[in-house]
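Hi,

Here is the structure I promised to pass on.

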Amino acid sequence: MAPGRTLLDKVWDAHSVRELPSGQTQLFIGLHLIHEVTSPQAFAMLRELGLPVRFPARTFATVDHIIPTGSQKRPLADSLAEEMLVALEQNTRDHGIRLFDPESGKQGIVHVIGPEMGLTQPGTTIACGDSHTSTHGAFGAVAFGIGTSQVRDVLATQCLAMARPKVRRIEVTGKLAAGVYAKDVILAIIRALGVKGGVGYAYEYAGPVIDAMTLEERLTVCNMSIEGGARCGYVNPDEATIEYLRGREHSPEGAAWDRAVAHWRNVASDPDAAYADVVQLDGNSLGPSVTWGINPGQSVAVDEKLPSVTSAPEEGRAQLAEAFDYMGLRPGEPIAGTPIDVAFIGSCTNGRISDLREAARVARTGQVAPGVRTLVVPGSQAVARQAEAEGLPEVFRSAGFDWREAGCSMCLAMNPDKLVGREVCASSSNRNFKGRQGSPTGRTLLMSPAMVAAAALKGKVTDVREVL
Ligand code: SF4
């Protein structure tokens, strides 16, 4: 008897238009999300080719990367940002695509608004011209980040030419201790498997720790699949997924809801599905993680010491030495106590309401340390409204944090929120590459939002378990 099938295989087969001579699949894309940075060239190519958008109702747009988080009043203070927003407005108007701009009250980071509006649904394929599209896999969708020419392809045909990835099941066993979050789980996975360990794979996250996670926590895990090299990452839909989607703006209703739920239950991987690889991680043993280097795989638990270069395999030593040199840190030293200049809470990894609640819990315990610059940036206007309803901005402001408007902010710093010089930033975002946060010499330490808040209060990397 043939083995059962994974979610990846079921979704892939259901969306396959045909096999291409290249060996790739022409894959139908159920949902296309676009933003201001990677779409203008794609629309220009479409204009040159004289092609319309094939399925405008399957495409949704937002503005996130360039939007300032100080004042979003139009015209935007930065004329280039204003120009990009005007171009997005024009392109979406010309092609009948729905745009969630700041005036809509629904604007936010593309990977935050899709799930919160119920656009992101199980069993579908999702593409977006942004690396962290893997986020949407938290709902049991197969979601890819794509390049600009592929954005053009999806606009013109609603299809992509894609190679089917193998599936690696990652089971996180046990139970997370207090002060250990979804961010710590994914940082530990990437540390264990490497930043290139997932090349050619889709990651299926499973096991008791993942099962116990909320959908927001699963979004954090899936968000960083790409940082482990995986093409996408997903969690099988379950009752928590269905409950999250019930009553959302774009969720099906009435009989369509019942049909959708039946489909969502069926699309989960079969119990006897065959995997290319299965790995296990002990959730009981995880502590709060902090990256110390220049890729998300270079992390340690907050109570660990930094690795020594000489104990690393020969082929990895040059990379370790480069990371120590750039970061100005020393092998064998503890990461706890490393002074920080900036604390950034936000991004598509950790800018959701549950992230802000946890950070606020820490903020309630003290005051931001003198000299530390802070930014608390909700992932969307809806997150901001919910936070306001719960009094969170006041909690942050009273502790000395700077509460901002929704956007990508200092995750990528394509807006005024940037590091200066060699500043060290405790950041809840997803990339710690050289120069990622706006200064060519700026340094990023990735950690959970609660850990960022703790670092802000103490002015140095701190074990959040000592604060809560
Ligand atoms: S928050 Fe960062 S990673 Fe996420 S979409 Fe924005 S720039 Fe990209």
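Y203 has G233 of strand 11 as its bridge partner; strands here, like helices, are DSSP runs numbered from the N terminus (E, at least two residues, for strands; H or I, at least four, for helices). Before going further, please note that this is a predicted model, in which local features need pLDDT of at least 70 and side-chain atom pairs count only at pLDDT 80 or more, while totals for chains, interfaces and linings use all residues. Residues are numbered from 1 along each chain as its sequence is written, and side-chain values use heavy atoms, with hydrogens and water left out.

Back to the strands. Strand 10 (residues 201-206) and strand 11 run parallel and are joined by four bridges; two strands pair if DSSP finds at least two bridges between them. They belong to an open sheet of four strands, with parallel pairing and the order 11-10-9-12. Strand 11 (232-235) and strand 12 (277-282) are the edge strands, each pairing on one side only. From one strand to the next, the twist averages 25°.

Two helices that pack on this sheet are worth a look. Helix 1 (residues 7-15) touches strand 9 (166-173), strand 10 and strand 11, where contact means heavy atoms within 4.5 Å. The direction of helix 1 makes about 110° with that of strand 11. Axes are lines fitted to C-alpha atoms, for helices over the stretch in contact, and angles run from 0 to 180 degrees between N-to-C directions. Helix 8 (residues 215-223) touches strand 10 and strand 11, and its direction makes about 155° with that of strand 11.

Helix 8 also has a helix partner. Helix 6 (residues 182-193) packs against helix 8 at an angle of about 25°, with their axes 8 Å apart. That makes the two helices roughly parallel (the word applies to angles under 35 degrees). In their contact, A182, K183 and I186 of helix 6 meet E217, T220 and V221 of helix 8. The residues of this contact divide into three nonpolar, one polar and two charged; Ala, Val, Leu, Ile, Met, Phe, Trp, Tyr, Cys and Pro count as nonpolar, Asp, Glu, Lys and Arg as charged, and the others, Gly among them, as polar.

K183 turns up again around S448. S448 sits in the loop between strand 18 (443-446) and helix 16 (449-458). Leaving aside residues up to four places away in sequence, S448 touches Y181, K183, D184 and S428. S448 counts as buried because its relative accessibility is 0%; buried means under 20% relative accessible area (1.4 Å probe, protein chains only).

Next, helix 5 (residues 148-157), whose buried residues are V151, V154, L155 and A156. Their cover includes strand 3 (31-35), helix 2 (40-49), strand 4 (59-62) and strand 8 (159-162). Q158 follows helix 5 and lies in the loop between that helix and strand 8.

Finally, some backbone geometry to check. Most residues other than glycine have a negative phi, and most peptide bonds are trans. Q158 has a positive phi, near 60°, and is buried at 0% relative accessibility. S409, in the loop between helix 15 (392-398) and strand 17 (424-427), has a positive phi near 55° and is buried at 0% relative accessibility. R74 and P75 are joined by a cis peptide bond, with omega about -10°; P75 lies in the loop between strand 4 and helix 3 (79-95).

Best wishes

Note on methods. Buried means under 20% relative accessible area, exposed over 50%, partly exposed in between (1.4 Å probe, protein chains only). Angles under 35 degrees count as roughly parallel, over 145 as roughly antiparallel, 65 to 115 as roughly perpendicular and the rest as oblique.
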